[in-house]
Amino acid sequence: MHGMGSAGEDCPFQFNFDEKTFKPGDMVSYRVTGSLEGFPFVGTLAEVHADHVIILPDAEDQNTRYRGTLESRPVVDHSEIED
């Protein structure tokens, strides 16, 4: 994403926005419903299925996983996020 940083710097993330080419290891921008709606989140795809994806919100933590929709910016239901 060009021009997203200060003084014209590029965004440090390389996102895949094409759900047809999603594969494990891809970095995606995802959204969360509920009180977190409107905030962008970054995660890594752990699994890609015919109708959903499994997102690792922290690549260092393989145990925390969120189920998201299969679309260019997956949507995670707020109930997946622990308070």
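Q: How many bridges join strand 1 to strand 2, and do they run parallel or antiparallel?
A: Four bridges join strand 1 to strand 2, and the two run antiparallel. Two strands pair if DSSP finds at least two bridges between them, so with four bridges this counts as a pair. Within it, valine 28 stands opposite glycine 43 in strand 2.

Q: Before going on, what kind of model is this?
A: It's a predicted model, where local features need pLDDT of at least 70, side-chain atom pairs count only at pLDDT 80 or more, and totals for chains, interfaces and linings use all residues. Residues are numbered from 1 along each chain as its sequence is written, and side-chain values use heavy atoms, with hydrogens and water left out.

Q: Why is tyrosine 30 called buried?
A: Buried means under 20% relative accessible area, exposed means over 50%, and partly exposed is in between (1.4 Å probe, protein chains only). Tyrosine 30 has 3% relative accessibility, so it counts as buried.

Q: And what does phenylalanine 41 count as?
A: Its relative accessibility is 25%, so phenylalanine 41 counts as partly exposed.

Q: Why is the pair of tyrosine 30 and phenylalanine 41 called stacked?
A: Rings of Phe, Tyr and Trp (its six-membered ring) pair if their centres lie within 6.5 Å; planes under 30 degrees apart count as stacked, over 60 as edge-to-face and the rest as tilted. The structure holds three aromatic pairs. In this one the centres are 5.6 Å apart and the planes 25° apart, so it passes as a pair and as stacked. It links tyrosine 30 in strand 1 (residues 27-32) with phenylalanine 41 in strand 2 (residues 41-48), 11 residues apart.

Q: Which residues make up the largest nonpolar core?
A: There are nine: Phe22, Val28, Tyr30, Val32, Leu45, Val53, Ile55, Tyr66 and Val76. A nonpolar core is a set of buried Ala, Val, Leu, Ile, Met, Phe, Trp, Tyr and Cys residues joined through side-chain atoms within 4.5 Å. Strand 1 and strand 3 (52-56) are the elements that give two or more residues to this core, and strand 1 gives the most, with three.

Q: How do you know that strand 3 is mostly covered?
A: Five of its five residues are buried. His52, Ile54 and Leu56 point one way, Val53 and Ile55 the other way.

Q: Which strands does strand 3 pair with?
A: Strand 2 pairs with strand 3 in the antiparallel sense over four bridges, and the two form a hairpin with three residues between them. Strand 3 also pairs with strand 4 (residues 66-69), again antiparallel over four bridges.
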